[in-house]
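Hi everyone, thanks for having me. Today I'd like to walk you through a few side chains, so let's bring the structure up.

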Amino acid sequence: MRSAIRFALTGFALVTLTGAAAVHAADNPNPQADAAAFRKFFTDKFPKVKLEDFVNGPYSMDEGLYRQWQEKEQFPPYEFSVDLGKEMFSKPFKNGKSYADCFPNKGIGVRQDYPTFDTKQGKVVTLELALNQCREANGEPPFSYVRDEMAALTAYMAFTSRGKPFDIKIPDDPRALEAYQKGKEYFYTRRGQLNFSCATCHVQSPGERIRAEVLAPALGILNAMPIYRSEWSGMGTISRRFITCNSQIRGVPLSPQDDEYRDVEYYLSYVSNGLPISGPGARP
């Protein structure tokens, strides 16, 4: 608890990415400039970390954890989920169609393109949302967005994209730019009883510990999703991670795939463009 209070009190010092320029960001959103500044901040802060290693989260910040991770990867705890996801992905729906009919390249090696802004729907569509939309379009009930089947499907799809760089697009549509900007604002907005923002932990304090956990850098933080977490004793999706983070700062979690969660995923994915997909991953 003392650590949490210390983070909350010192969080007001976070000005590098959220200073005066951020005040005017809503007037003149510039995603390309944001992404360049975001990357520079982390590479300057951690000059010994290779750019592509930021996707390894806390393992890139701590040598002891890195060695443990290397050993764990010999028999990764997410392997069962990848196998299940592959089986589910290849199984036809009752109408004879499959997930492959809903995605470019039959759904193989496309993780790096999500989330995307769908101009027809006028909103950000995450991979999780796209999978459930595919199911419902083919007469199948939607899956939970936080674990189990959804985690397995996204684990398999991420596995088929390993090594491919994030390539998130912001189309020439004011609604897309607005979604990006709202995601950015959500990331830096303080909430909950501890008065934390996402940036408090993942921009201000990566590499430091809060209780027993080494905090991951925000750069590349979604590249390893979905993840197996020891605290969950199982797999979890991006939705599950967002909900958990809100709960940990004693805030009120949103519903999975609410606009705010999809927008912040859009923002975080865009500013990590060029970094490789490393998911599915495993974290303490």
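Before we look at anything, one definition: a residue is called buried when its relative accessible area is under 20%. Please also keep in mind that this is a predicted model.

Now, is S197 buried or exposed? Its relative accessibility is 6%, so S197 counts as buried. You'll find S197 in the loop between α8 (174–188) and α9 (198–202). A polar atom of the S197 side chain lies 3.2 Å from the backbone nitrogen of A199. If we leave aside neighbours within four places in sequence, S197 is in contact with F187, Y188, T189 and R190.

Two of those contacts, F187 and Y188, turn up again in a cluster linked by ring pairs.

How many aromatic pairs does the structure hold? There are 19. Take F89 and Y99: their ring centres are 5.6 Å apart and their planes meet at 20°, so this pair is stacked. F89 belongs to helix α5 (residues 79–90), while Y99 sits in the loop between α5 and β1 (116–118), so the pair ties together parts that are ten residues apart in sequence. Both residues, F89 and Y99, are buried.

Y99 also pairs with F93, this time edge-to-face, at 4.8 Å centre to centre and 75° between the planes. F93 is buried, as is Y99.

Finally, let's look at two arginines. R191 lies over the face of Y186, 3.7 Å from the ring centre. R229 lies over the face of W232, at 5.7 Å from the ring centre.

Key. Residues are numbered from 1 along each chain as its sequence is written. This is a predicted model: local features need pLDDT of at least 70, side-chain atom pairs count only at pLDDT 80 or more; totals for chains, interfaces and linings use all residues. Side-chain values use heavy atoms; hydrogens and water are left out. Rings of Phe, Tyr and Trp (its six-membered ring) pair if their centres lie within 6.5 Å; planes under 30 degrees apart count as stacked, over 60 as edge-to-face and the rest as tilted. Helices (H or I, at least four residues) and strands (E, at least two) are DSSP runs, numbered from the N terminus. Buried means under 20% relative accessible area, exposed over 50%, partly exposed in between (1.4 Å probe, protein chains only). A charge sits over a ring if NZ of Lys or CZ of Arg is within 6 Å of the ring centre and within 35 degrees of the ring normal. A polar contact is a pair of N or O atoms within 3.5 Å; within protein, one must be able to donate a hydrogen and the other to accept it, and residues adjacent in sequence count only if both atoms are side-chain atoms. Contact means heavy atoms within 4.5 Å.
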